[in-house]
Amino acid sequence: MTAKRFYESARVLVYDPVSSNRNATRASLLSLGYRNVESLPDIDMLTYRLRKDAPDLLVAEVAGAESETCALIQAIRQGRLGENPFVLVVVTTWRRDGSIIGQVLNSGADDLVARPVSTTALGERVRLLCERRKGFVVTSDYIGPDRRRDGRVGPQAECLEAPNPLKLKSLEYLSEDEIARLMAESVQQGKEKLNLQKVRRDAVQLCVQWRMLEQRAPGAHDFCEILPRIARLADEMKRRAQIAKHEAAQEWCQSILQSIHGLTELGEHEAQSEPRAEYRPLLKLLGHASLTLGQMFAAADVEPARLVELDRIVAERRGRSVAA
């Protein structure tokens with residue numbers, strides 16, 4: 001494939017609420033040789049567009065709608081928006097402060113470019129993504145490029161190769177049909193690996209949260225604070241188990257959600273002197289389901305000795321947080 005054909009076939013989506021900036025970005029991409037460039041002015045329009053079809057590259061401005069844009073990128077990475085969690089994402093911003101940098105990096109974007117940016121500089125950043133895209137890591141609260149040198153993710157996180165449509169489209173010996181087939185296969189394989197890693201992470205977190213719940217008095221304020229965290233983990237695991245068609249995991253997740261519902265109702269009626277013993281069967285089912293899921297997906301990480309070590313780490317972090 002010639003370079004000309006690469007630029008003509010790559011699909012690029014530009015989002016920026018400011019028309020002059022949006023047009024400038026589009027003009028830069030066109031001058032670089034890209035021909036399939038679509039621009040959108042509204043975050044809702046962008047969300048709708050991504051649900052329909054994934055571009056090869058998304059260039060999104062974050063200033064003015066930081067939380068919404070970062071949440072959208074997280075939804076892409078988590079597989080909640082669109083069919084491809086590996087879309088190449090370049091974020092642009094006029095802000096230079098640490099808070100926006102942290103938000104963008106934690107969202108799972110591939111790169112952050114400070115404005116104003118020249119056409120040459122933008123082209124170089126995209127070229128580097130095409131040639132040397134970072135692998136993805138999965139933790140309990142992050143899916144995205146591996147930035148372990150920044151100290152944000154643990155060394156135990158496995159690095160997954162992220163499909164790269166721009167790199168595929170730069171290969172001269174492949175036809176358009178072959179590129180489409182390889183991209184679909186690599187995205188599907190990547191999603192399966194990512195899904196498994198996320199379920200493993202959440203299974204460990206589920207057991208950790210269950211251990212924390214065990215150490216609190218049923219109905220107490222800190223007890224009730226943990227329940228929604230467990231519910232969110234179980235709900236996410238159930239969603240991914242449905243994708244993987246893992247029926248047993250779905251059933252155990254549903255048991256957890258039912259137990260949480262019952263425990264929450266008991267907590268709400270605590271003022272009416274509900275018998276404390278009524279917590280026991282629900283807690284027993286919740287614990288059994290959590291540990292069963294842990295054994296299913298992360299047996300080595302939920303061994304008793306490992307859970308004790310995780311308890312210690314969580315307690316230390318909690319202590320530092322309170323002290324701060």
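Is K245 buried or exposed? I looked this up before anything else in the predicted model. K245 has 68% relative accessibility and the cut-off for exposed is over 50%, so I recorded K245 as exposed. I placed K245 in the loop between α9 (221-243) and α10 (247-268). Its phi is near 55°, which I noted as a positive value in a residue other than glycine.

**Entry on strand β4**

I then checked the two faces separately. L88, V90 and T92 lie on one side, V89, V91 and T93 lie on the other, and all of these are buried, which leaves both faces covered. I set this beside the general rule that side chains in a regular strand alternate between the two faces of the sheet.

I also looked up the pairing of β4. Strand β3 (residues 57-61) pairs with β4 in the parallel sense over 5 bridges, and the bridge partner of L57 in β4 is L88. The chain passes from β3 through α4 to β4, and I recorded this β-α-β crossover as right-handed. β4 and β5 are likewise paired in the parallel sense, over 4 bridges. Here T92 has V113 of β5 as its bridge partner. With helix α5 (residues 98-107), β4 and β5 make a right-handed β-α-β unit.

**Entry on T69**

I located T69 in helix α4 (residues 66-77). Its relative accessibility is 1%, and T69 therefore counts as buried. Which residues does T69 contact, leaving aside its neighbours within four places in sequence? I listed Y15, I43, A60, E61 and V62. For Y15, I noted a separation from T69 of 54 residues in sequence and of 9.7 Å in space, C-alpha to C-alpha.

**Entry on P116**

I inspected the peptide bond from R115 to P116 and found it cis, with omega near -5°. P116 sits in the loop between β5 (111-114) and α6 (119-131).

**Entry on the antiparallel sheet**

I traced an open sheet of 3 strands in the order β7-β6-β8, with antiparallel pairing. Its edge strands are β7 (143-145) and β8 (159-160), each of which pairs on one side only. Strand β6 (residues 136-138) is joined to β7 by 3 bridges, and V138 has I143 of β7 as its bridge partner. Finally, I noted that helix α8 (residues 176-214) lies across β6, β7 and β8 and runs at about 30° to β6.

Methods:
Residues are numbered from 1 along each chain as its sequence is written. This is a predicted model: local features need pLDDT of at least 70, side-chain atom pairs count only at pLDDT 80 or more; totals for chains, interfaces and linings use all residues. Side-chain values use heavy atoms; hydrogens and water are left out. Two strands pair if DSSP finds at least two bridges between them. Helices (H or I, at least four residues) and strands (E, at least two) are DSSP runs, numbered from the N terminus. Contact means heavy atoms within 4.5 Å. Axes are lines fitted to C-alpha atoms, for helices over the stretch in contact, and angles run from 0 to 180 degrees between N-to-C directions. Buried means under 20% relative accessible area, exposed over 50%, partly exposed in between (1.4 Å probe, protein chains only). A crossover is right-handed if, with the strands pointing away from the viewer, the path from the first strand over the helix to the second runs clockwise.
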